[in-house]
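Look at the chains one at a time, then at the places where they meet. The paragraphs after the display follow that idea, starting with a contact between two chains.

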Amino acid sequence: MGFEPIKILYALGTIFIIFNVGMLIQGIVRKIGARVGKRYGIRFYQPYIDLIKNYVMRSNVTHGVMFYLGPVFRLTGGLGVFLFIPIIYGSQYFSNFAFAGDVVLVLYFIFFGSLGMALGAGEGGHPYSAIGVSRGLAQVTAAEIALVIAVIGVGIQYDTLSITEMVAAQQGGIANWTMVTNPLLTILAMLAFLGAMGRSPFDVVLAPQEIPIGPPTEYHSTFLGIMQTNRSIFPMAKTILFVNLFFGGATNWIVLILKIFIVYMWSVVVGVVFPRFRVDHSIRWWYKYALPLGIIAIIVTTLIAG
Amino acid sequence: MVSPIYIFIIALGIGFLLSLFDKAGRAVAMTIFYGALLAMAFISGQWLLHLLQGAEAEIITTAGFQPPFSINLKMGLLEAFFTFLINTLGFLAGIYLLPKFKSQKIYGMILFLMLIMGLNGLVMTGDMFNLFVFLEITSIATVSIIAIEKNLKSISAGFKYVIAGGIASAFYLIATIFLYRFTGVLNIAMMAETLNVASSQAVFLSVFILMIAVIVELKPFPANGWALDAYEAVDSGVVAVIASGTSAAMLFVFYKISPLLNNTLLLTAAGIGLATFTFSNLLALKQKNAKRLLGYSSIGQIGLIITAYALLVRAGYARNSEIVMLTTGGLFINHFLAKAGLFWLSGVVEKEKLEEWSTLRNNPILLFAFAVFVIALVGLPPFPGFFAKWQLVMTFANQGLFFWIGLILLGSFLEAIYLFRWLGKVLKSDLKAELKAKISQIFPILIYLLAILIGGGYLSRLINQGTSLSILYLPVLFIVFLFFIDFLPVAIKNTLVILVGSYYTYLIIPQLSGYRVMLGVIFLAGGVLLFIPGYFKRGKRTGFYPLAVMMYVGLAGLLISENTLQFFTSWELMTLGSYFLIIRGKKSEPHALSYMLFSIGGAFVMLFGFGILYYVNGNSMALSSLGNIESMAGIIYALLGIAFLTKMASIGLHIWLPGAYGEAEADVSPMLSAILSKAGMFGLLMLMAAIQTANLGSINLPYVLGWLGAITVFIGNLLAIYQEDAKRLLAYSSVGNLGYILFGLALMSHMGWLTSITYALNHFLFKALLFLAIGGVVYRVKTKNMYEMGGLIKKMPLSFVSVLIGIIALSGVPPLSGFAGKWLTYNAVLEKGWYLQGVIVIIGGLIAFLYCFRLIYAVFLGQLKDKHRQVKEAPVWFLIPQVILIGAIMLFSTYPAFILGPVGKMLNDILPENALIWENLDAYSIYGHWNGFLIMMITGGIFVIVFLWLYFLNRKAQKVKQFNIVYAAERPSRPELTHVGYNFFAHYKKALGSLSQPYVTKFWNTMADIFHSSAGFIRRIYTGDGQTYILHIIIFIVVVYFLTIGG
Amino acid sequence: MLLTIILGIILIVLGLWGMLSQKNIIKIIIGFSIMDTGIHLLILSIGYIKDRTAPIMNQAVQSAGQVIDPVPSALVLTAIVIGLAITALMLTYAVKLYEIKGSLEISDFKELKW
């Protein structure tokens, strides 16, 4: 395992595929959301239209260097996380750049984009951006508690931190998936997934009602386009991580996309059913319920792992 | 050679003739008076020299008879030493009182001569009854001098003094006569030979009364109200003689009668001394009057000396053995010089309240003297008291007297509280008045200042055969040199310190091995680097350089220490230097105090630990013996651990840190946080390396430390997010980061230690960077509150970049170096199996994101304030080290193998399982892998591509004005209203509720309250009524008697 | 002579009692004097040997065996002188205290405390 130039081409290919998957899932999800709310909703390809519109628009306004770089950080973060995760088990080329690090790298690289984005939004000078970031960071760090515990749990169970080896340990049928071998940990992880996706009930960060659209308030046109690009890749990357850790990973693209869709739907279903938490409620919720659950899960996992 | 009898002849003769000479004019009388004092000092000095060279002691007997038929005066080595001290004190005190003698009646001078003569007599006489006579001469002379001053306080104090003295000498007389009855002699030495204390109840009682009478003269608690009043009210020049001279003579009397005492009585004396030491220092906590405070301190010190002497003699050391002389002698000299100096200073200041002594700041030399005396009293190096206390603790430990050590250290700690509080007030309180110091007053103070400095150096050579402290001599000389050139401008001194520091680094680093190299680089190379910002200061920066260098000398000393004495001395030097650095900040007085108290407390705990080590390991002071302790290992490690944790500000012991770091000067904070905090880490590393090899028994210290580290990470980081003050935010962040270091060490595995060292190195880099950058910002905008800043990225772009790099490295986000620490943490936690602690540590790390963002956002982003529109970039001297640090972070991030590889090899000596394997730039553990270089390249590559794409699409973007934002159809008018900075994480506080409460601070405040209110309660026994004081003496004697025969 | 020893001790205790119970400074000084006298009596009594005479060399005294122990007698002379000096000093203080405050109550001089 190491770097070969050809891997860049494969990486671009995987990005292309997953970008389209992301766009389509977004469209479909919004459609579902509308139907649940008894509305007709958008066309499923509407995200493509929005994206092209944003890229084409020219408003040529910037608040400064950091403001300009914010979306760059954001997309770099999204792409980075995606590329550090091995996508298809057994395929060296569709493991992308996973040779640079293991699950810990992914876990911490998630913050790269958020931090950069938050900084860019900060320079925009809009108070709503700052409020959004304050809420967003607070909630993300709280939600990460569950994620971190879940990842450590998997690490304990399989005695490794390498994602590839975690997936390898789950091969050979559904009975070997973490979902089956360690259900408690998976429950915890699925709660963490809700937090990571930023959907209701944990979507106060972008809260459309109280605050225009949270951190990206001042971003528009091309900037927004880049963020939308990220929004179709980053959640997919995180979903793939969960698929890899808890649902046996995937040995080919079809299985992968199917699993992505199913896991992603979990957050959608919860999102359309549950109302939004206020941010202090959500932080407390993570500390009060997810943390104890996580501790129990860790203890159980220790017993399982022997 | 002049016979010692001339001391008496001169004093008596001149004394009687002085009023005659006065007829010829005051100048004549005064010349003769000072001539007499000088002659007395000369005689004893001459004897001292001769006896030091091995001459025979001179014994003078009256009328040619031999004892017991005559009174004998002895001039041996000790007598010569004591009379020399007393006579020089007499001469200097005479000079100090010169203006008074000049203007008052001649009686003052006569009485003064009588007083000095009486003290000489007390020292030299070998006869029990003669001693009584001299006692009364001294007493009458003293009280008569007091009476010259015609103010109410002085007179009423004098009356209480004479009554109490009268009762004490009455008891002395009764005891003397009974002892004469039992032995038939009055010569003390002969009496000691023939007397068997245990022979009968009556003999015992007589000896007891004799001892107690002498002890009452030494002002034991609680029978000492009269002395306190005298210390408070009597003229400074006179009280200096009482506090130092009379105490010296009385201590010598105690020394002389001690052969009469049996073990029971020695124990009683020791107990009284200890109670006096502890309670005096406790009661002094509530004291606001400077001279009375000094009185409490004097009484306490005397108590300590009695305890030390009595216990050592009881333990079987010869009365004049080297150990006894080193300990009690060192303590005594320390007290003698410092207390006289301080009382003299009280006459210069002429102010009662402690904080009014800040007028000393008008005179740097007197201020220096004050600081030296106070520090000497606390018992810090390089002064005699330090070495004496060290030797005392070691010797006591050798005898297994741990209970006594504990109480002595407690008393010393109480003393440190009020003395350092005073020092802080003097250094920081408002300057209100002028200082009028006469040359006659300054001269004696300076002589004693010099004497105490020389005394410290001399004792440092005596102790432990004089070899062990040689490593510190040259550096300390450099510090002294820096004091001398302190009048030079900053630029010269800074350059000098950087050059010498670089050279010293070059000398020291190759001598180090193992993990010490790593810390050597941080301490010394880092230290030199952080002197660069010093160039931004104009003027002289009085006192900064010697003390800053003292801190670094201490740090370097820790690394090269081979025995506990070297280590402890270095530790204290470091503490002392850093205290003075911290207190330079504008509002840092209370914080410097709390830093000092925690440090001193920690140091005393460490001293206790070293003492037990000395006892257990057969009088070995070698640090290497830490690893093979045969018994009591758990308690030794725990004590040392607590000491190191204090410096590392672990939770529970951390409350000093935020204020100390936060209020320090711009270039001091990085030194403290980046470098000084690693001293605790070094100690702990050393300790853990020892624990690795030692048999700990049932105590699982690392496990406890692991939890402590984890909780420290969490609480430190959590409290950081609530700070409004940028530097305090960084300070709390340091608490958290030191928690990681502790946690890593506690893991006791190769991976854990690697984690710890990675964190240490990283913390050094990014915290120095952040503190420098923020320091530069604060320097420009003149506020530390983040919500008062904002939008500074446009004014200080370079500082912004520094902070950006700093927070990324801090938070552990790849691709920067912080990630290495996070990755190692996961691996180490999995390896060790400390999952729960690991989870807490990692959650703490997540919380760090919150304050990182707040720091950079509230300061640099958001809305620029109107008053900051003219602000410039930070001074270039701040930026230069920042650039170097950024370079180092980038290097470390890209090529971690170059640093962590060698570190791993260093650790192999202690923890051989090489947990991290490097293949070129790839790091492998049994769990996972990571490649810093590739991460950097990939991230950089993606970033550049995305940026180019954006730039291609949006290349014509124009900057808009500050308020050109979408704001609910309104245009905001004021940046203050638009910048969200205050109480940024209010929701987090609300969500976590009680977890965010400052329980630890409350706990320590309650502790302080308990001590102070009990002091306030107990000291009410000193009602001020002379009669109560008599009652105290009587009750004291009775109670002590029953305690003695009962116990 | 046991009787004088007891008497001496009684005087000492009496004197101490006076110092502790009397509020008037002069009376306290008198108490001190009584105590001092008691001590002197004690010293003398301890030196006394039954049926012997004063240690003054004259025709009546031929050998040391005829006189009492001379040392205590010598000591008591010194002690008396010193006691006198101390008492005088105390009285001086009493005068001064009275001059300044116009009172001789010891409890009136509590400016210094704690």
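How many residues of chain B are in contact with residues of chain C, and how many of chain C with chain B? The model is a predicted one, and in it 36 residues of chain B are in contact with 34 residues of chain C. On the side of chain B that touches chain C, the elements giving two or more residues are α6 (128-148), α7 (152-183), α10 (225-233) and α40 (1026-1046) of chain B. The largest share belongs to α7(B), which supplies 15 residues. Sorted by class, this side of chain B has 20 nonpolar, eight polar and eight charged residues.

Chain C itself has three helices and zero strands. Read from the N terminus, its elements run α-α-α. Along the principal axes, the C-alpha trace of chain C spans about 60 × 25 × 25 Å. The radius of gyration of chain C is 19 Å, whereas a compact globule of 114 residues would have one near 13 Å.

Next comes the contact between chain B and chain A. Here 62 residues of chain B are in contact with 66 residues of chain A. On the chain B side, the elements that give two or more residues are α32 (818-832), α33 (835-860), β5 (929-930), α36 (932-953), β6 (958-959) and α38 (986-992) of chain B. Of these, α33(B) gives the most, with 13 residues. The side of chain B that touches chain A is made up of 42 nonpolar, 15 polar and five charged residues.

Two pairs of chains touch in this model, and the most contacts are between chains A and B. Chain A and chain C do not touch, and their nearest C-alpha atoms are 53 Å apart.

Strands of a sheet pair through backbone hydrogen bonds, either parallel or antiparallel. Strand β1 (residues 61-62) of chain A pairs with β6(B) in the parallel sense, over two bridges. The bridge partner of V61(A) in β6(B) is Q958(B).

What does the secondary structure of chain A come to? Chain A has eleven helices and one strand. From the N terminus on, its elements run α-α-β-α-α-α-α-α-α-α-α-α. The radius of gyration of chain A is 19 Å, close to the 19 Å that the globule rule gives for 306 residues, so chain A is as compact as a globular protein of that length. Taken along the principal axes, the C-alpha atoms of chain A fill a box of roughly 60 × 50 × 40 Å.

Chain B can now be looked at from the inside. It is divided into domain 1 (318-467) and domain 2 (483-943). The C-alpha centres of domain 1 of chain B and domain 2 of chain B lie 32 Å apart. Their contact takes 26 residues from domain 1 of chain B and 24 residues from domain 2 of chain B. On the domain 1 side, α15 (364-378), α16 (384-398) and α17 (402-428) of chain B each supply at least two residues. The largest share of that side, 13 residues, comes from α17(B). By class, the domain 1 side has 18 nonpolar, six polar and two charged residues.

Chain B also holds an open sheet of three strands, in the order β3-β4-β5, with antiparallel pairing. The edge strands are β3 (917-919) and β5 of chain B, each of which pairs on one side only. Strand β4 (residues 922-924) of chain B is joined to β5(B) by two bridges, and the two run antiparallel. Within this pairing, A923(B) stands opposite W930(B) in β5(B). The strand β5(B) is also one of the elements on the side of chain B that touches chain A.

A last step is a pair of packed helices. Two packed helices are described by the angle between their axes and the distance between the axes. Helix α2 (residues 26-52) of chain B and helix α5 (residues 107-124) of chain B pack at an angle of about 5°, with their axes 11 Å apart. That angle makes α2(B) roughly parallel to α5(B). In this contact, A29(B), F33(B), A36(B), L37(B) and M40(B) in α2(B) meet M109(B), L113(B) and I116(B) in α5(B). The residues of the contact divide into eight nonpolar, no polar and no charged.

Terms used
Residues numbered from 1 in each chain as written. Chains lettered and ligands numbered in written order. Predicted model: local features only at pLDDT ≥ 70, side-chain atom pairs only at ≥ 80, totals over all residues. Domains from an automatic or database assignment. Contact = placed C-beta atoms within 7 Å. Helix = DSSP H or I, 4+ residues; strand = E, 2+ residues; numbered from the N terminus. Nonpolar A, V, L, I, M, F, W, Y, C, P; charged D, E, K, R; others polar. Pairing = 2+ DSSP bridges. Axes fitted to C-alpha atoms, helices over the stretch in contact; angles between N-to-C directions. Parallel < 35°, antiparallel > 145°, perpendicular 65-115°, else oblique. Rg over C-alpha atoms; globule rule 2.2 N^0.38 Å.
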